Amino acid sequence: YPYPASFLEPLPAWPVSVACSFLNESALRGDRLLGAVSEVVNLYFNSTGDATCFNASSQGSSSLGEQGWAYQACTEIIMPFCSCPQTSMFQPQQWDVEAYAKSCAKQFNVTSRPDWVVVHYGGKDISSYSNIVFSNGELDPWSGGGVTTNVSDTLTAIVIADGAHHLDLRAANPDDPQSVIDARNIEKEHIRKWIGI
């Protein structure tokens, strides 16, 4: 976010830019690289300077809880994750829906429904829907899977330069970029049309 926030952990304004500032030397090697990576980890787990020990097993802040997204990803929004070492820095991992379903059953005692989103919401064929504004912040990694072009007059897409994950849905802040302010105004304009005011 363009201002300090505590969505996941207390972080400074533009935290990715701050993190990258520790790693912006191409000559970083050995101990200097390790020190820079340590600064990035410290930024996430201890930007306030108050922590005496990092809880590296934590996936989110105590205010959000740690299992909400994992449960939803097991029951409703199953998204295949895999990796290929030729195109990423990650070890090879094939998507295995059966193994994923077994891990969900073990962790939450639920039956995964891989097609739930498609059955419930129609998948990519949303042309019969109406009154939706799809907002996508260019700084939000999830925007890559978002609806980024208008589908119809009532299915509108907004791509927000300098927009972070649901920044347009947060309360207004004096440090909001103009692009976010503009997006909120467009969203309000559409909502007014839908409810007839």
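Tutor: Cys74 and Cys104 form a disulfide, with 2.0 Å between their sulfur atoms. The model is predicted, so read this separation as part of a prediction. A search of the whole structure finds one disulfide. Cys74 belongs to helix H3 and Cys104 to helix H4, so the bond ties together parts that lie 30 residues apart in sequence. The torsion about the S-S bond is -80 degrees, and the link is left-handed. Both cysteines of the pair, Cys74 and Cys104, are buried.

Now take two further cysteines. Cys20 counts as partly exposed, because its relative accessibility of 43% falls between the 20% and 50% cut-offs. Cys53 has a relative accessible area of 64%, so it is exposed, being over 50%.

Next, the helix that carries Cys104. Helix H4 covers residues 97–108, which is 12 residues. The expected span takes 1.5 Å times one less than the number of residues. For H4 that gives 16 Å, and the end C-alpha atoms are 16 Å apart, so the two agree. At the start of H4, a side-chain oxygen of Asp96 comes to within 3.1 Å of the backbone nitrogen of Glu98. After H4 comes Asn109, with a positive phi near 60 degrees.

Now the other partner's side. Helix H3, which holds Cys74, spans 68–75. The loop between helix H2 (30–46) and H3 contains Phe54. Phe54 has a relative accessible area of 35%, so it is partly exposed.

Lys124 sits in the loop between helix H5 (116–121) and strand E1 (132–137). Its relative accessible area is 87%, so Lys124 is exposed. The C-alpha atoms of Lys124 and Leu43 are separated by 38 Å, and the two residues are 81 apart along the chain.

To recap: the disulfide joins Cys74 and Cys104, both of them buried. Their helices are H3 and H4.

Key
Residues numbered from 1 in each chain as written. Predicted model: local features only at pLDDT ≥ 70, side-chain atom pairs only at ≥ 80, totals over all residues. Heavy atoms only, no water. Helix = DSSP H or I, 4+ residues; strand = E, 2+ residues; numbered from the N terminus. Buried < 20%, exposed > 50% of the residue type's maximum accessible area, 1.4 Å probe, protein only. Polar contact = N/O pair within 3.5 Å; in protein donor to acceptor, adjacent residues only side chain to side chain. Disulfide = S-S within 2.5 Å.
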